[in-house]
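This report describes selected residues and their surroundings. The sequence and structure are shown below.

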Amino acid sequence: MNAPVQGVNRRTVLWDSMLDAEMNVYFWDLISARYARWDRNMKFFIALAASGAVAGWGVWSQHPGGWKTFSAIAAVAAVAHPIFFSSDVLKRMSELVATWKEVFVDYELLWYRDGELQLAEAWSEFETIKRRESRIDETRLPRSKGLLEKAFNHVLEKRRLAND
């Protein structure tokens with residue numbers, strides 16, 4: 001059983017960890033929603049372009065340059081889609097939201113149970129959650145400074161920490 005580290009403000013450490021986890025939940029939810037929306041729109045455009053190119057052959061015979069341009073755009077979109085909107089990346093982002101929610105809920109429950117981390121069991125649980133948090137892999141995923149700031153402000157407002 002590990003003893004709490006002396007000289008550390010355990011309440012602040014738990015509070016900061018809980019807020020970080022909450023911010024990550026909101027941030028990855030925003031990123032995931034953005035990329036899912038782009039993915040859906042790109043798929044719709046590809047389907048529209050493919051069917052429009054075939055359905056409009058009569059129209060395109062009048063405007064051969066338009067048909068070539070439209071077909072080229074559809075082809076580029078079809079090739080670019082799996083590169084920029086990989087289903088693996090979208091899946092990882094969704095999984096990150098769930099993982100961060102679990103970490104946040106664990107911190108929050110610990111906060112309500114022993115916000116000062118006075119009990120050795122509480123400190124041990126905090127260490128376990130912190131280790132699990134350290135294994136969260138966010139590498140090679142898209143970032144957005146604007147959405148990160150939005151998530152940060154959301155947590156400040158929700159917790160009534162924002163300076164008015």
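Leaving out residues within four places in sequence, Leu110 is in contact (heavy atoms within 4.5 Å) with Leu14, Gly115, Leu117, Ala122, Glu125, Phe126 and Ile129. The model is predicted: local features need pLDDT of at least 70, side-chain atom pairs count only at pLDDT 80 or more, and totals for chains, interfaces and linings use all residues. Residues are numbered from 1 along each chain as its sequence is written, and side-chain values use heavy atoms, without hydrogens and water.

Leu110 belongs to helix H4 (residues 87-114); helices are DSSP runs of H or I with at least four residues, numbered from the N terminus. The C-alpha atom of Leu110 is separated by 9.4 Å from that of Trp123, 13 residues apart along the chain.

| Residue | Relative accessible area | Class |
|---|---|---|
| Leu110 | 0% | buried |
| Glu138 | 17% | buried |
| Val79 | 56% | exposed |

Glu138 is located in the loop between helix H5 (120-134) and helix H6 (145-158). Its side chain makes polar contacts with the side chains of Trp100 at 2.9 Å and Arg143 at 3.1 Å. A polar contact is a pair of N or O atoms within 3.5 Å; within protein, one must be able to donate a hydrogen and the other to accept it, and residues adjacent in sequence count only if both atoms are side-chain atoms. Not counting residues up to four places away in sequence, Glu138 touches residues including Asn24, Trp28, Arg92 and Leu96.

Val79 is part of helix H3 (residues 64-84).

Notes. Helices (H or I, at least four residues) and strands (E, at least two) are DSSP runs, numbered from the N terminus. Buried means under 20% relative accessible area, exposed over 50%, partly exposed in between (1.4 Å probe, protein chains only).
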